[in-house]
Amino acid sequence: MKPIDPKELRGAFGRFMTGVTVVTTRRADGTPVGFTANSFTSVSLDPPLLLVCLGKFLSSYDAFAECEQFGVSILEEGQTDVANTFAGYKGDRFAKTPHDFDADGIPFPVGALARFSCKTHQTVPAGDHVILIGEVIGFAQKPGQGLGYADGQFFSLARERSARDPAARVNIAGALVRHKGRVLLEKTPVGYRLPECSVPDKTGFRKALQATLQYNGVSASFGAVYSVFDDAGASTHFAYLLAQASHVAPDAKLTAVPPEELAALTYASPPLASMMARYARECATGNLNCYLGDTMTGEIHTLSEGV
């Protein structure tokens with residue numbers, strides 16, 4: 001057997017789609033600490049047990065390894081900022097996050113779909129992690145959609161579902177593909193457009209779009225849904241995904257354009273021109289947003305992905 005590459009193994013583990021939680025407790029001096037974890041699962045109903053995996057590399061490792069009580073919050077789809085704060089912010093994470101406390105003083109971020117107050121049931125050493133098993137002593141929940149995580153990126157299941165409209169006469173899927181910092185565009189007689197395709201009734205839109213990219217000599221991995229809108233006049237539903245190209249064939253008939261030049265181009269349709277101008281603005285700030293609506297009005301939702 002060949003040696004296992006830790007980086008490749010991490011990527012393989014990351015193929016498993018999970019939810020996202022924030023795990024919290026207090027140090028012995030009362031200071032609140034917490035970290036983001038997707039290594040969470042229910043264990044038992046009788047007694048009520050759950051577990052999270054605690055990395056020994058965490059700055060708060062000692063606090064969790066020695067705690068008698070802790071909390072777990074399952075994040076809602078709009079809480080990517082909370083997930084990012086507890087995953088990497090080096091300062092006071094609770095100062096950046098609205099929070100409250102359970103009856104025992106354990107802090108919880110406000111707005112989670114579900115939260116569990118736990119007393120430590122058992123800790124089990126496991127390589128470079130410790131499995132922290134908690135007995136649930138209290139919980140609360142609310143309706144909503146959870147925040148997902150796969151392939152190193154957050155995603156919203158609700159937005160993924162919105163990317164296809166069974167009632168539309170035509171479903172079009174397109175990809176906003178980055179390669180070496182540039183965006184890949186197809187030149188047509190009426191202006192530029194993104195690589196796109198019509199999605200057959202029984203074909204997943206990612207699968208159909210992947211085939212289209214491969215036909216054009218592009219190998220790419222998909223990220224989050226970037227824009228979903230309806231053109232009522234044409235009874236057409238459009239869904240555009242973010243993507244990152246790993247390979248572009250030398251003979252690929254696509255033009256690579258720097259993001260700062262996108263807004264000045266002529267596009268095949270006004271909605272596409274509007275979307276690309278928005279993307280250019282967002283690239284300048286490093287904050288991408290998902291648009292859901294029609295060709296006139298819609299809603300903007302913050303994405304976790306930077307550019």
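Colleague: Leaving aside neighbours within four places in sequence, which residues is G191 in contact with?

Modeller: Bear in mind that this is a predicted model. Once the neighbours within four places in sequence are set aside, G191 is in contact with E186, T266, Y267 and A268.

Colleague: And where does G191 lie? Buried or exposed?

Modeller: G191 lies in strand β15, which covers residues 191–193. Its relative accessible area is 10%, under the 20% cut-off, so G191 counts as buried.

Colleague: How many residues apart along the chain are G191 and A273, and what separates their C-alpha atoms?

Modeller: They are 82 residues apart along the chain, with 9.7 Å between the C-alpha atoms.

Colleague: OK, zooming out. How many helices and strands does the protein chain have?

Modeller: The secondary structure comes to six helices and 21 strands. The chain has 307 residues, and buried ones make up 44% of them. Its C-alpha atoms fill a box of roughly 70 × 50 × 40 Å along the principal axes.

Colleague: What share of the contacts with a separation of 6 or more comes from residues 24 or more positions apart?

Modeller: That share is 63% in the protein chain.

Colleague: Switching to rings. How many aromatic pairs does the structure hold?

Modeller: There are eight aromatic pairs in the structure. One of them is F229 with F238, whose ring centres are 5.0 Å apart and whose planes meet at 20 degrees, so that pair is stacked. F238 also pairs with Y240, again stacked, at 6.4 Å centre to centre and 5 degrees between the planes.

Colleague: Are F229 and F238 buried or exposed? What about Y240?

Modeller: F229 and F238 are both buried, and Y240 is buried too.

Colleague: What does S227 touch, neighbours within four places aside?

Modeller: S227 is in contact with F238, A239, Y240, M275, R278 and Y291. It is found in strand β17, residues 218–231, and it is buried, with a relative accessible area of 2%.

Colleague: Which residues do ring pairs link into a cluster?

Modeller: F40, F116 and F139 are linked that way.

Colleague: Now pockets. How much space lies in the largest pocket?

Modeller: About 1,600 Å³. Its lining has 45 residues, and R10, T36, A37, N38 and F57 are the ones nearest the centre.

Colleague: How do the lining residues divide into nonpolar, polar and charged?

Modeller: The lining of the largest pocket has 19 nonpolar, 17 polar and nine charged residues.

Colleague: Which helices and strands each supply at least two residues of that lining?

Modeller: Those are α1 (6–13), β3 (32–37), β5 (48–55), α3 (80–88) and β12 (153–156).

Colleague: Backbone check: where is there a cis peptide bond?

Modeller: It joins D46 and P47, with omega about 0 degrees. P47 lies in the loop between β4 (40–45) and β5.

Colleague: Which residue other than glycine has a positive phi?

Modeller: K180 is one, with phi near 55 degrees. K180 lies in the loop between β13 (170–179) and β14 (182–188). Its relative accessibility is 73%, above the 50% cut-off, so K180 counts as exposed.

Colleague: And S59, buried or exposed?

Modeller: S59 is exposed, with a relative accessible area of 67%. It is found in the loop between β5 and α2 (61–66). From S59 to A208 the C-alpha distance is 44 Å, and the two are 149 residues apart in sequence.

Colleague: Last one: what does E299 touch, not counting residues up to four places away?

Modeller: E299 touches C290, Y291 and L292. It is found in strand β21, residues 298–302. At 49% relative accessible area, E299 falls between the 20% and 50% cut-offs, so it is partly exposed.

Colleague: How far apart are E299 and N289 in space?

Modeller: They are 9.7 Å apart, C-alpha to C-alpha, and ten residues apart in sequence.

Methods:
Residues numbered from 1 in each chain as written. Predicted model: local features only at pLDDT ≥ 70, side-chain atom pairs only at ≥ 80, totals over all residues. Heavy atoms only, no water. Phe/Tyr/Trp six-rings, centres within 6.5 Å; stacked < 30°, edge-to-face > 60°. Buried < 20%, exposed > 50% of the residue type's maximum accessible area, 1.4 Å probe, protein only. 1 Å grid on protein atoms, 1.4 Å probe; cavity = no way out; pocket = protein on both sides within 12 Å on 5 of 7 lines; lining within 4 Å. Points joined across faces, edges and corners; volume = space filled by probe spheres on them. Helix = DSSP H or I, 4+ residues; strand = E, 2+ residues; numbered from the N terminus. Nonpolar A, V, L, I, M, F, W, Y, C, P; charged D, E, K, R; others polar. Contact = heavy atoms within 4.5 Å.
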